[in-house]
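I opened this structure to take notes on it. The entries below follow the order in which I looked things up.

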Amino acid sequence: MTIRDASAEWQGTLKEGSGRLRLGSGVFEGAYSFPSRFENGPGTNPEELIAAAHAGCFSMALSAILGREGFTPARISTVAKVHLGATTAGPTITRIELETEASVAGLAADDFERLAQSAKATCLVSRALTGVAAITLKANLIDH
């Protein structure tokens, strides 16, 4: 089986410290800090990387499902919004909103919705994030 890796380095206290996140592939390295994670400071954060992973995984899963149904998408564009909130357990990913837009010739809107919901339920990242209270999907078929 394939193994993917990433690393993080942190220096200092939680609020005053800072760190760097690196993808094992080398295509991304970025700074992160308390302000970039829990406020609106510069840099990235783990939740943003989860959002990117979820958007990418969902888009590929939807493409695979469409292909199995005999459709070739011209384009799939997905945004994932990861909500970080406070719970009794502490800071928690409370919700993820997926918003996808696809151009698929010959596909009816209700069939697209059904297939998109299937992709949400079966993509690897959705399955890995089953501890998130709510993962929602807004699917928009364009140019059909």
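I looked up Leu-14 and found it in the loop between strand E1 (6-11) and strand E2 (18-23); strands are DSSP runs of E with at least two residues, helices runs of H or I with at least four, numbered from the N terminus. The model is predicted, with local features needing pLDDT of at least 70 and side-chain atom pairs pLDDT 80 or more, while totals for chains, interfaces and linings use all residues. Residues are numbered from 1 along each chain as its sequence is written, and side-chain values use heavy atoms, without hydrogens and water.

I noted Leu-14 as exposed because its relative accessibility is 54% (exposed is over 50%, buried under 20%, partly exposed in between, with a 1.4 Å probe and protein chains only).

Next I took the chain as a whole. I counted 4 helices and 6 strands, in the sequence pattern β-β-β-α-α-β-β-α-α-β. Of its 144 residues, 34% count as buried. The C-alpha trace spans about 55 × 35 × 30 Å along its principal axes.

Which residues lie nearest its centre? I wrote down Arg-4, Ala-53, Cys-57, Leu-124 and Val-125, from a lining of 20 residues. Helix H2 (46-68) and helix H4 (124-128) each supply at least two lining residues, and H2 gives the most, with 7.

Key. 1 Å grid on protein atoms, 1.4 Å probe; cavity = no way out; pocket = protein on both sides within 12 Å on 5 of 7 lines; lining within 4 Å.
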